[in-house]
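Please open the model in a viewer and keep the selection tool at hand.

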Amino acid sequence: ITKIGVLTSGGDAPGMNSAVRAVVRSAFYYKLEVFGIYRGYEGLIQDDIKKLNSRDIAYILERGGTFLKSARSDEFRTPEGRKIAYENLKKHGIDALVVIGGDGSLTGAHLFYKEFGVPAIGLPGTIDNDLAGTDFTIGFDTACNTAIQAIDKIRDTATSHDRLFFVEVMGRDAGFIAINAGIGSAAAATLIPEKKMPIETLIERLKVREKAKKQANVVIVAEGGKSGGALEISQKVKKFLPNYDIKVTILGHLQRGGSPTSFDRLLSSKLGVAAVEGLLHGKYDVMAGLINNKVVYTPIKRAIVDDKDVDEEDFRVAKILST
Ligand code: F6P
């Protein structure tokens, strides 16, 4: 391997820049050339590819988003699209790929390896934390911190007005951000897709809190729950809690931005180095992750398919602390 291509794909995540920087720096350390592929697989198909030098990665570690830009490519899902992408890789002489993204992006890397034999390695870049083979994904810690800071502010105004707030957080169909934010912001309840809480239980809990004159009443709702998002849940409980003035806040994409936390900087830096070293040691079609603070390479197929559940202990703690 002499020339590596690196791309970020899918939803951006804080720490992606720092992961790219680590890939580029370690590639230079091992005397390899690096090509930046802009706008993920879309850029690979459109030949939006540029050789990177050390100036390109100066002052990016601390920046949110991804300077390589990101996209969700429909064309890459087709065999024809992947063929064009492969031809572009060959044209630049790129002989290995580092893909930073979530499950959809890593699936692309897996297919590319399977169909064309291109040595590819994935890094878990998503705020959702929904990939097996790593304790934490790049961007998750920052997203949780952002969510908690926002919820703290909501709690101030909720308490001042004795209002009940339903705050919706991201996570697609996983409740990692929600459970973390729920514990970290002393939520009255946390609703996650993995554990269905009957609406009656939620109403009961809120009534008990009302009786006990609990001041801060913020309920965290993970997007992607079967009973609906924050808006729907709030409408369902409204008629059973007539004394509450109910408000809804959807945190949305603000959770995806911002400067990465120290944890995300460390995680992405370690994994960026692990990606390059993994490729040099013939570790293909795998995702580099961190388990118990050790780099672990997991077959991409397992990382995207194996269920990573919200920690039972976290769920138990959230429940105890909100009653
Ligand atoms: O996967 C990251 C994520 O932010 C999810 O939490 C969310 O459901 C989704 O992406 C939103 O995607 P988009 O930015 O394409 O609307």
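A nonpolar core is here a set of buried Ala, Val, Leu, Ile, Met, Phe, Trp, Tyr and Cys residues joined through C-beta atoms within 7 Å. In this predicted model, the largest such core has 93 residues. Select V23, V98, V167, V169, I177 and A275, the members that touch the most others in that core.

Keep V167 highlighted. Beyond its neighbours within four places in sequence, V167 is in contact with I151, I154, V218, I220, V221, A230, T249 and L251.

Next, display the strands. Seven of them form an open sheet with mixed pairing, in the order β3-β2-β1-β4-β5-β10-β11. The edges are β3 (49-51) and β11 (294-299); each has a single partner strand, so one side of each is left without a neighbour in the sheet. On average, neighbouring strands of this sheet are turned by 25 degrees against each other, direction ignored.

Select residues 3-8 (β1) and 33-37 (β2): these strands run parallel and are joined by five bridges. Within this pair, V6 stands opposite G36 of β2.

Then select helix α9 (residues 262-280), which lies across β1, β4, β5, β10 (286-291) and β11 and runs at about 140 degrees to β10.

Finally, which residues surround the ligand? Select G11, G102, T126, I127, D128, M170, G171, R172, E223 and R256. This shell comprises two nonpolar, four polar and four charged residues.

Terms used
Residues are numbered from 1 along each chain as its sequence is written. This is a predicted model: local features need pLDDT of at least 70, side-chain atom pairs count only at pLDDT 80 or more; totals for chains, interfaces and linings use all residues. A residue is near a molecule or strand if its C-beta atom, placed from the backbone, lies within 6 Å of it. Ala, Val, Leu, Ile, Met, Phe, Trp, Tyr, Cys and Pro count as nonpolar, Asp, Glu, Lys and Arg as charged, and the others, Gly among them, as polar. Two strands pair if DSSP finds at least two bridges between them. Helices (H or I, at least four residues) and strands (E, at least two) are DSSP runs, numbered from the N terminus. Axes are lines fitted to C-alpha atoms, for helices over the stretch in contact, and angles run from 0 to 180 degrees between N-to-C directions. Two residues are in contact if their C-beta atoms, placed from the backbone, lie within 7 Å. A residue is buried if 20 or more other C-beta atoms lie within 10 Å of its own, exposed if 12 or fewer, and partly exposed in between; C-beta atoms are placed from the backbone.
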